[in-house]
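Please consult the sequence and the structure shown here alongside the text.

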Amino acid sequence: MSRNEPATRTPMEFFGFKRHPFIDHPDVADPVFSEHEERMLSMALEMLRLGKSFVLSGAPGTGKTTFVRHLRDRLDSRSYQPVFLPYSGLNRAGLLKTLAAACRLDLGKRTVPTLVRIQKHLLDLAKEKNPRFPVLIIDDAQLLEQESLLDLCSLLADPDQKRASASLILVGDETLDHRLRLNILTPVWNRMACSLNTKPLDEAETLTFFHRHLERVQAPKDLLENEAIMMMAAKTRGNRRELLNVAAVLLTEAMFRNERTIGPQLVISSEFWRKTG
């Protein structure tokens, strides 16, 4: 290696990409969605248009956060005021403070309870000169305390109107649906218009998933051979996050080996991506 040659290379430099093909960039306006997810998106947008609330559940790594971030970005900022809380493992007081901060409420001089102040703020949004409908998006909602779930539902009621004062999207793993169906949480479950569920990708969806990721960076179509994709699909059982992780590892190993294609032989012989499970 000459003195002027860099000590390390990146896959982007080796393959000539402007950005990594196997990273879900948050600035991408058009995420790679399956037909099922496109139908879910249409349903979610219609529910919000009607002022309804709903649940989004699914196994970790199946694209829930990607989905709700894209949904948030699809909302017209002139008509909606989305409030996104990315983590709900907080106690009741912590959640309300975090929600108040997301709503840009100053709690320095609290003469009324935090919950009441948030309620008033959401109601005021609908009474402004250019009214915006609040949409509360709560990720990891399966971690919420029972009282926090009831607090969130109390924010949806407008005593002066028949229409809800806000929509609530509860996002969580498979346990969220089961928990909300408990009798003690019936007041919460009854406010949810429907339950949307993310799913692992099947083989055909996995092929489309990777082909679209390659198209975005104008990568050669043979960078990932179809047989290698099928092997990755079997290894990860169609889990989006694991698919991207595996592909990123294999792309880096291809660079180490000075190979321009990820084929089945590289998948078989790779020593870096073989996680147990």
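Phe15 has a relative accessibility of 14% and therefore counts as buried, the term for under 20% relative accessible area, with over 50% called exposed and values in between partly exposed (1.4 Å probe, protein chains only). Phe17, at 8%, is also buried. The model is predicted: local features need pLDDT of at least 70 and side-chain atom pairs count only at pLDDT 80 or more, while totals for chains, interfaces and linings use all residues. Residues are numbered from 1 along each chain as its sequence is written, and side-chain values use heavy atoms, with hydrogens and water left out.

**Aromatic pairs**

- The whole structure contains 6 aromatic pairs, where rings of Phe, Tyr and Trp (its six-membered ring) pair if their centres lie within 6.5 Å, and planes under 30 degrees apart count as stacked, over 60 as edge-to-face and the rest as tilted.
- Phe15 and Phe17 form a stacked pair, with 5.5 Å centre to centre and 10° between the planes.
- Phe33 and Phe67 form a tilted pair, because their planes stand at 35°, with the ring centres 5.8 Å apart.
- This pair links distant parts of the chain, 34 residues apart: Phe33 belongs to the loop between helix 1 (11-15) and helix 2 (35-49), and Phe67 to helix 3 (residues 64-74). Helices (H or I, at least four residues) and strands (E, at least two) are DSSP runs, numbered from the N terminus.
- Both Phe33 and Phe67 are buried.

- Phe14, Phe15 and Phe17 are joined into a cluster by ring pairs.
- Arg260 places its charged end over the ring of Phe14, 3.9 Å from the ring centre; a charge sits over a ring if NZ of Lys or CZ of Arg is within 6 Å of the ring centre and within 35 degrees of the ring normal.
- Arg260 also lies over the face of Phe15, at 5.9 Å from the ring centre.

**Helix 6**

- In helix 6 (residues 146-154), the buried residues are Ser148, Leu149, Asp151, Leu152 and Cys153.
- Elements covering these buried residues include helix 4 (92-102), helix 5 (114-125), strand 3 (133-138), strand 4 (167-172), helix 7 (174-180) and helix 8 (186-189).

**Helices 9 and 11**

- Thr206, Phe209, Phe210 and His213 of helix 9 make the contact with Arg240, Leu243, Leu244 and Ala247 of helix 11, contact meaning heavy atoms within 4.5 Å.
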